[in-house]
Amino acid sequence: MQTNRGNSAATTLPRKKRKFISYEGKWGLLLVSPYLIQFIVFVIAPLIASLYFSFSQYDMLNAPQWIGLENYEKLFNEPLFYKSLWNTLYFAVLFVPAQAFLALLLAIALNQKIKALKLYRMAHFIPVISSWTVVMYVVDAIFNPRFGLANSFLIQLGLEPQKWLNDEQQVIPLLVLVAVWKGIGYIMIIYLSGLQNVPNELYEAAEMDGASSIRKFKSITLPLISPTTFLVIVLSTITTFQAFEQIYVMTGGAADISAAGGPNNASLVLMLYLYREGFSFLHMGYASAIAWILFIILFILTLLQLWGQKRWVHYH
Amino acid sequence: MKKKILTAFLSFVFITGLLLAGCSSNSTGENTTSNENDTENANEEQVTINLGYYSGGKSDEKMQELINRFMEQHPNIKVTTQSSPYGQFFQKLDTQIAADEAPDVWLSDGVLVMKYAERGAIKDLTEWINRDLNKEDYYGLESNQDTDGKYWGVPQGIQIGALYYNKDLFDKAGVEYPSEDWTWEDLKEAAAKLTIDASDKKPSEEGFNSENIKQFGLTFFSITEGWFSVLKSYGGGILDESLNNSIINSEENKQAFEWMVDGMSKGIITDPADLNSFQSPMAVFPSGSAAMRIGIYARVLAANEAGLNYDVTVLPKGPDGERFSPVITNSWVINESTSDKKAEAAWEWVKYWSTEDEVQKEWAELGEAVPVKKSVAQSDTFLNSTDKPENKQAFLESFDFAGGLDTNAVWSEWVAKFNEHARRAFLEEQPIEEALENADKDVQKILTDFYNE
């Protein structure tokens, strides 16, 4: 905007006095106004409202009452909050590296010159666009403790059948497994474009020097796609902290919200905890406090990632 | 140039508008219809009320039909409706109330009436009910009464619990059908004979594997169709009469829990982990995987659809001969913030629903609920309809020992908390005493947080 104003005053309207907003500036504002209005009404206003609610007792049916820091105090004394925070972190720690790593492998495999390449790429992208409800039926067919394929397979091998999603220890790893399967196609596409941006000359030069393919991968591919890796990690960290639908659908929330969160709250993540408190129990003020804490955690994590990128991300 | 920019801008606005409009009508998944009334100009006193209800499929059509007839009879009242599936309806309702945009009159799940009443979102209907309704005529009216005796809603349809049993499975096992004299112990004895593991063994046989059950004696879950009636008939319960205090930690509840946990550990009764392996806990009985269930009236729909050969009887007695059948009264409630004129019109609708026999009969034919009007419930339309179960009388008999589910403003919350602890006891992750003690503490905390402020 600043430079715009200078330019326009100098070039198009030389005789008139400088106005606060130039002619083009006005047009610019007008052109972005649909977005701007939308942004203020649907993003900024709710943001401010939720900040206010987080300091009040608010059940949605009556006007909010200011209670200061009480919601935050309650939050920091609530074991379920720590449990859901822990579950979320556990989910993220398993999910983010696993997805990035496997998606990279897949992208490399699908970056070759092989027959029916597009078909493979598409096949891996199908889960990305399917809804979680559909995915749940697939997962249920495999991991249903009673009728599922996984257990009948285990039994045939003479092993103990498992409780899968009903087991406190297994629920999060299993959810991560499904989340990776569903999300991998998307990340793979990002990696593919990263890989295709690596100049071929570098590989040719390395080949001239007699570098092995592992060496080429380590010294050329990895550093050159590190910005992509960075993007993938930031994106999927944010996704995990916002994970809701999957866990809601797969651990029974659709039928009974008190069941959402798996056995003994073993898969109660922050978003689910927030939803349960806000919409099922009408503790909207408390839920807003959870949302703000979640925001702060994500903000710090992203800052850390940005700070850390200097050490390993190479831009050419 | 300018013209181009203007055209571009206008088309952008237009397209954005289109997109937004498209999104808003699709994403909410609601179904808003309005009914134009031809006699709009005939009367100056024309009132438009908005009516909200949760529904699906067949009942939606019937409701619309009844509304149309209501408008014919009341040319000065125009009814617009909004309906959506159960979960969405109540989620949206809360935000609508917050924005002061809730329907003027809506259908509330019986367990949620007090949530709205105690938070001041719905009207006190006591005076109107006293004036216009003959209380003796109705089932379930008292379940919308708070501890001060005020009425907050008028019954729309009643759900009441009974014991469902699968005749074919009983015949196959050579066990006599449940009788009205059964205690919970009798039930368990019979259930043991009806339980079969994966290798077709019964609990009394050697090598029976309680971990891998093919057919359960009794299926049992959550509050309404599970633990609440057992606790109550053992003399225990959850809340005291004021509904502000927990009475969970009692000797009676302990006994009831011992009965339940014992049944679950032997594989006779479905435990929470067993239930999770079915698509839905509701599916166990209709699929023939359990010989008996505790079920509310609406469960006849699924059982009939599955073509089950079954019947119902009253729920068993506790050790001291006490009985308890849970009742949920889905009710019409009127928005507190609606204008007097609209509230009057809304009341006309409620009256039409509850006083007209014809309306009650037609609704009863859907088979979703026990009619709220006693005369209709006791008529042939309900009792002698050709649909199963044969012994529909059992549902009416159950009213003699029926009671509410201790519903109060924080019902959903304390139920979730209690379930959490009960689950630990049911799965034997925690001794019964400890689970009850913890449940008592946590439920009391929820009550105190809400009521002592």
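This is a predicted model: local features need pLDDT of at least 70, side-chain atom pairs count only at pLDDT 80 or more; totals for chains, interfaces and linings use all residues.

Q: OK. Which parts of chain A does UniProt list as "transmembrane region"?
A: The unreviewed UniProt entry puts that feature at residues 27-53, 89-110, 122-143, 171-192, 220-241 and 286-307 of chain A.

Q: How much helix is there in residues 122-143 of chain A?
A: That span is 91% helix and 0% strand. Its end C-alpha atoms are 25 Å apart.

Q: And residues 171-192 of chain A, how far apart are the end C-alpha atoms?
A: They lie 31 Å apart. This span is 100% helix, with 0% strand.

Q: Switching to chain B. How do H7(B) and H9(B) cross?
A: Helix H7 covers residues 184-193 of chain B, and helix H9 covers residues 251-265. Their axes come within 11 Å and cross at roughly 0°. Angles under 35 degrees count as roughly parallel, so H7(B) and H9(B) are roughly parallel to each other.

Q: Which residues make that contact?
A: H7(B) brings Trp184(B), Glu185(B), Leu187(B) and Lys188(B). H9(B) brings Trp259(B), Asp262(B) and Gly263(B). By class, there are three nonpolar, one polar and three charged residues in the contact.

Q: Now the holes. How many cavities of 30 Å³ or more are there?
A: A search of the whole structure finds two. The largest cavity has a volume of about 70 Å³.

Q: What sits closest to the centre of the largest cavity?
A: Of its 13 lining residues, the closest are Ser280(A), Lys115(B), Ala409(B), Val410(B) and Ser412(B). H17(B) gives the largest share of the lining, three residues.

Q: And the second largest cavity?
A: That one holds about 40 Å³ of space. Among its lining residues are Trp353(B), Trp363(B) and Pro371(B). H13(B) gives the most, with three residues. The lining has seven nonpolar, three polar and no charged residues.

Q: What about pockets? How big is the second largest pocket?
A: Its volume is about 1,200 Å³. It has 45 lining residues, and the closest to its centre are Lys74(A), Glu277(A), His283(A), Glu413(B) and Asp449(B).

Q: How does the lining of the second largest pocket split by class?
A: There are 15 nonpolar, twelve polar and 18 charged residues.

Technical notes. Residues are numbered from 1 along each chain as its sequence is written. Chains are lettered from A and ligands numbered from 1 in the order in which they are written. Side-chain values use heavy atoms; hydrogens and water are left out. Axes are lines fitted to C-alpha atoms, for helices over the stretch in contact, and angles run from 0 to 180 degrees between N-to-C directions. Helices (H or I, at least four residues) and strands (E, at least two) are DSSP runs, numbered from the N terminus. Angles under 35 degrees count as roughly parallel, over 145 as roughly antiparallel, 65 to 115 as roughly perpendicular and the rest as oblique. Contact means heavy atoms within 4.5 Å. Ala, Val, Leu, Ile, Met, Phe, Trp, Tyr, Cys and Pro count as nonpolar, Asp, Glu, Lys and Arg as charged, and the others, Gly among them, as polar. On a 1 Å grid over the protein atoms alone, a cavity is a set of points where a 1.4 Å probe fits but cannot get out, and a pocket is an open set with protein on both sides within 12 Å along at least five of seven lines; lining residues have an atom within 4 Å of a point. Grid points are joined across faces, edges and corners, and a volume is the space filled by probe spheres set on the points. UniProt positions are given in the numbering used here, feature names are shortened, and annotations may be inferred rather than shown by experiment.
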